[in-house]
Amino acid sequence: MKYSQLFPKTQREAPKEAESINHQLLVRGGFVGQLMSGSWTFLPLGFRVLQKVTQIIREEMNTTGAQEMLMPLLHPKEIWNETGRWDTAREVMYQFKDTRGREFALSFTHEEIVMDEVRKHLRSYKDLPIKIYHFSTKFRNEPRAKSGVLRGREFLMKDLYSVHVDEEDMYRYYWRVKDAYMRAFKRIGFEDIKLTEASGGVFTDKHTHEFQVLAESGEDTIYYCNECDWSQNKEIFDGLVGQDCPECGKGKIWQAHSIEVGNIFPLGTRYSEKMGVFYTDEQGERKIPYFASYGIGPSRVVGTLVEVSHDDKGIVWPKSVAPFDAHLIGLSGNALEVYTKLKEAGVDVLFDDREVSAGEKFADCDLIGIPVRLVVSEKTGDRLEWKLRNSEDKELLTLEQAVNKLL
Ligand code: ATP
Ligand code: MG
């Protein structure tokens with residue numbers, strides 16, 4: 001892709017109201033645009049990152065045997081009345097009347113919608129387990145939408161739902177999904193991620209599990225053991241920093257700020273009971289199935305990556321989700337030829353072909369944050385200067401060597 005043709009270009013200044021790093025850098029880099037507080041456009045560059053994040057999540061969900069589908073976002077009041085959430089979740093749910101006086105809500109989650117579909121089809125234990133998911137928009141009336149794409153009033157979520165014959169089968173799958181989440185987050189590029197016990201909010205009385213990325217700027221506070229995997233959210237932690245770990249006894253408890261990128265919920269029979277979902281077991285008896293739900297916010301994931309991976313010049317994307325494989329800067333005539341050859345070799349390259357100063361091209365390259373920078377200039381001759389975004393080391397490579405390193 002030629003940078004001259006990309007919409008839009010970088011901007012020097014961050015918007016005045018941009019408080020968080022991800023807001024500043026994503027807007028300056030041309031990744032996202034803000035319509036109003038909590039409402040974001042993923043522009044072509046940002047959409048590329050989002051697509052790569054969602055693809056990794058999709059692949060990992062599919063390894064658990066889950067099936068992808070797509071559910072509606074406009075919901076009738078009646079379905080939310082079945083579980084009482086029209087009233088109990090009123091604060092977070094956008095509710096409104098149409099011109100004929102019918103009441104609707106915009107989706108803030110999909111448990112009720114899944115349960116409605118399941119009860120229409122579920123007959124016997126042979127139909128279980130069911131594992132279905134989608135990527136779609138969620139609407140939430142967030143009081144503080146100040147953290148850039150970390151907290152949208154409208155945002156993207158991957159939500160998976162599973163239905164099981166009993167609690168044991170539910171938990172067996174629940175832990176499989178936990179592992180799949182961990183793999184997805186590792187592939188996306190998070191290094192410091194904690195599986196944290198938390199309360200369930202409006203969802204459940206039992207513990208849920210959050211996936212927390214340690215980040216100075218995070219809104220959450222978690223406690224974790226410096227030796228083992230034990231971790232609890234502030235909402236449920238009852239102890240002191242520095243105390244011995246209640247799990248392993250060897251480590252000490254530390255405190256940190258963090259960003260929640262995922263959350264999984266063992267919901268049990270609560271929704272099935274309220275919504276009249278049944279199946280018949282092997283003995284022909286009517287039983288209530290167990291239910292769990294699992295969420296990841298891919299748009300928040302993009303913002304979180306920026307929060308934990310940037311420097312004073314701009315974003316530093318991990319290779320797995322970077323918008324392009326390489327950023328080619330042309331300072332001399334044969335750059336176009338190099339660009340064409342890279343593309344032919346299958347390299348997804350962003351080519352800065354503008355007639356602007358070298359300094360401006362280098363600064364934009366650092367701001368945009370693609371992991372590999374390639375420069376073609378009089379100085380490099382028939383070679384390319386190769387430099388990683390997170391290193392100062394440079395080397396001269398032939399085109400073939402560069403392609404081999406990239407693919
Ligand atoms: P928070 O406590 O941060 O408000 P939550 O616990 O209400 O989030 P969940 O219902 O657990 O959110 O949603 C599952 C996932 O969806 C979260 O782990 C997060 O990645 C994402 N998410 C939730 N709310 C938002 C939001 N307002 N903007 C962007 N992503 C969000
Ligand atoms: Mg949560």
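Tutor: A residue counts as buried when its relative accessible area is under 20%, and as partly exposed between that value and 50%. The model under discussion is predicted.

Student: Is Cys225 buried or exposed, and at what relative accessibility?
Tutor: The cut-off for a buried residue is under 20% relative accessible area. Cys225 falls below that limit and is therefore buried, its relative accessibility being 2%.

Student: How many disulfides does the structure hold?
Tutor: A disulfide requires two cysteine sulfur atoms within 2.5 Å. The cysteine sulfur closest to that of Cys225 belongs to Cys245, and the distance of 3.6 Å is too far for a bond. For Cys248, which is partly exposed at 28%, the closest cysteine sulfur is that of Cys225, at 3.8 Å, again too far for a bond. The number of disulfides is zero.

Student: Which residue has a side-chain N or O atom 2.6 Å from an oxygen atom of ligand 1?
Tutor: An oxygen atom of ligand 1 also lies 3.1 Å from a side-chain N or O atom of Asn263, and a nitrogen atom of the ligand is 3.3 Å from a polar backbone atom of Leu150. The 2.6 Å distance belongs to the side chain of Glu260.

Student: What percentage of the area of ligand 1 does the protein bury?
Tutor: Ligand 1 takes up the space of the largest pocket. Taken alone, the ligand exposes 590 Å², and the share buried by the protein is 86%.

Student: Which strand gives the most to the shell around ligand 1?
Tutor: β8 (154-164) and β13 (253-268) each supply at least two residues of this shell. With five residues, the strand that gives the most is β13.

Technical notes
Residues numbered from 1 in each chain as written. Chains lettered and ligands numbered in written order. Predicted model: local features only at pLDDT ≥ 70, side-chain atom pairs only at ≥ 80, totals over all residues. Heavy atoms only, no water. Buried < 20%, exposed > 50% of the residue type's maximum accessible area, 1.4 Å probe, protein only. Polar contact = N/O pair within 3.5 Å; in protein donor to acceptor, adjacent residues only side chain to side chain. Areas by Shrake-Rupley, 256 points an atom, 1.4 Å probe, with all protein chains shown as cover. 1 Å grid on protein atoms, 1.4 Å probe; cavity = no way out; pocket = protein on both sides within 12 Å on 5 of 7 lines; lining within 4 Å. Sits in = over half its atoms within 2 Å of the grid points. Helix = DSSP H or I, 4+ residues; strand = E, 2+ residues; numbered from the N terminus.
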